[in-house]
Amino acid sequence: MDINRPICHEAGHVVAALHLGFRVERIDVHQGMPRSLIAMDCTREMMVVLASGIAAEQLVLGDYDVEGSTDDQKKISECGGGAIENYLVEACDIIRSNECCARRLRERLTRRWIESQAESEASSNFHADSGSLTFNLMSREDIEAIWAEAVLGRSAPIDPTARSSKWPD
């Protein structure tokens, strides 16, 4: 499986969420795909965060996976928003302005994905065909450290009192 696109997509969500002041709980792998768990409510900013996955794909890879964006579009529609493309310009601006953080996230997520799969294979708990494998890829503390390092120029976590409404699964 080529992990570049899904990792790029999730890094886009995370960077936009942090930029807009949302709290990112973690990035994990569920059913073989990375996903970011972000505390969000139904706002225009949330819709921009959801569009930031495809924005990152477009900026880094030259295009985005339309089929892969259906879940994000569904969440936007459930909150009364329009087409995901309506939020794409703003999302691209956020990704561009935080390119250093997005790049660091992609690099570290890729490395951790590979390490996690190698560890799982070594312990005989990994089944390449298993859709039920779930594991933590990056904690909130690790994400906040990357953000602080790349964007804020320091090695301290961001404000823990950031928005805290949970996005329903």
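Q: Why does Cys101 count as buried?
A: In this predicted model, Cys101 has a relative accessibility of 1%. Buried means under 20%, so Cys101 counts as buried.

Q: How do you know that the sulfur of Cys101 is too far from the closest cysteine sulfur for a bond?
A: The closest cysteine sulfur is in Cys100, at 7.3 Å. A disulfide needs two cysteine sulfur atoms within 2.5 Å, so this pair is too far apart for a bond.

Q: What makes Cys100 partly exposed?
A: Its relative accessible area is 24%.

Q: What makes the link of Cys42 and Cys79 a disulfide?
A: The S to S distance of Cys42 and Cys79 is 1.9 Å. The cut-off is within 2.5 Å, so the pair qualifies as a disulfide. A disulfide is a covalent bond between the sulfur atoms of two cysteines. A search of the whole structure finds 1 disulfide.

Q: Where in the chain are Cys42 and Cys79?
A: Cys42 is in the loop between β2 and α2, and Cys79 is in the loop between α3 and α4. The two cysteines are 37 residues apart, and the pair links distant parts of the chain.

Q: What is the handedness of the link of Cys42 and Cys79?
A: The link is left-handed, with -40° about the S-S bond.

Q: Why is Cys79 called buried, and why is Cys42 called partly exposed?
A: Cys79 has 19% relative accessibility. Buried means under 20%, so Cys79 counts as buried. Cys42 has a relative accessible area of 48%. Exposed means over 50%, so Cys42 is partly exposed.

Q: How do you know that the span of helix α1 agrees with its number of residues?
A: Helix α1 covers residues 4-19, which is 16 residues. At 1.5 Å a residue, the helix should span 22 Å. Its end C-alpha atoms are 22 Å apart, so the two values agree.

Q: What makes α1 mostly covered?
A: Of its 16 residues, 13 are buried. His9 lies in this helix and, at 7% relative accessibility, counts as buried. Leaving aside neighbours within four places in sequence, His9 is in contact with Gly53, Ile54, Glu57 and Asp72.

Q: Why is Leu59 called partly exposed?
A: Leu59, in helix α2, has a relative accessible area of 34%. This value falls between 20% and 50%, so Leu59 is partly exposed. Together with Val60 and Leu61, Leu59 forms a nonpolar patch on the surface, with about 210 Å² of accessible area.

Methods
Residues numbered from 1 in each chain as written. Predicted model: local features only at pLDDT ≥ 70, side-chain atom pairs only at ≥ 80, totals over all residues. Heavy atoms only, no water. Helix = DSSP H or I, 4+ residues; strand = E, 2+ residues; numbered from the N terminus. Expected span 1.5 Å × (residues − 1). Buried < 20%, exposed > 50% of the residue type's maximum accessible area, 1.4 Å probe, protein only. Patch = residues over 30% accessible without salt bridge, like charges linked within 9 Å, V, L, I, M, F, W, Y side chains within 5 Å. Areas by Shrake-Rupley, 256 points an atom, 1.4 Å probe, with all protein chains shown as cover. Salt bridge = Lys/Arg side-chain N within 4 Å of Asp/Glu carboxyl O. Contact = heavy atoms within 4.5 Å.
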